Amino acid sequence: MPKTTTMTIRLDPEVKSQVESLYSGYGMTLAEAVNVFFHQSLNVRGLPFDLRPNPETLSALREVEDMRKHPEKYKGYHDVAGMIDDILAEED
């Protein structure tokens with residue numbers, strides 16, 4: 001039997017519950033999924049997924065940059081973060 005080590009991570013309980021459910025659909029425990037992630041990271045010598053933002057994210061980033069460059073367009077907000085919080089609250 002191969003030697004193993006124990007790793008402790010801090011994780012939002014809701015996220016943990018969701019990923020446990022997700023990976024159980026593949027017949028895997030969370031520990032097995034983490035091992036797969038690490039092995040694949042070694043195989044590709046980096047993160048095993050693309051970190052490039054999708055077109056929607058890029059559009060949102062451009063909009064935030066516009067907000068920073070032209071705050072006069074966004075009157076009534078003291079800062080961009082406050083405006084973004086308001087927009088996100090409307091979506092809920």
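The chain has four helices and zero strands. Along the sequence this gives the pattern α-α-α-α. The model is a predicted one. Of its 92 residues, 8% count as buried.

**Surface**
- The chain exposes about 8,500 Å², and carbon and sulfur atoms supply 56% of that area.
- One nonpolar surface patch covers about 840 Å².
- The patch is made by Met 7, Ile 9, Leu 11, Val 15, Phe 37, Phe 38, Leu 47, Phe 49 and Leu 51.

**Aromatic rings**
- A pair of aromatic rings is described by the distance of the centres and the angle of the planes.
- Searching the whole structure finds two aromatic pairs.
- Phe 37 and Phe 49 form a tilted pair, with 6.1 Å from centre to centre and 35° between the planes.
- Phe 37 lies in helix H2, while Phe 49 lies in the loop between H2 and helix H3 (55-69), so this pair ties together parts that are 12 residues apart in sequence.
- Ring pairs link Phe 37, Phe 38 and Phe 49 into a cluster.

**Exposure of the three Phe residues**
- Phe 37 has a relative accessible area of 30%, so this residue is partly exposed.

Note on methods: Residues numbered from 1 in each chain as written. Predicted model: local features only at pLDDT ≥ 70, side-chain atom pairs only at ≥ 80, totals over all residues. Heavy atoms only, no water. Patch = residues over 30% accessible without salt bridge, like charges linked within 9 Å, V, L, I, M, F, W, Y side chains within 5 Å. Areas by Shrake-Rupley, 256 points an atom, 1.4 Å probe, with all protein chains shown as cover. Salt bridge = Lys/Arg side-chain N within 4 Å of Asp/Glu carboxyl O. Phe/Tyr/Trp six-rings, centres within 6.5 Å; stacked < 30°, edge-to-face > 60°. Helix = DSSP H or I, 4+ residues; strand = E, 2+ residues; numbered from the N terminus. Buried < 20%, exposed > 50% of the residue type's maximum accessible area, 1.4 Å probe, protein only.
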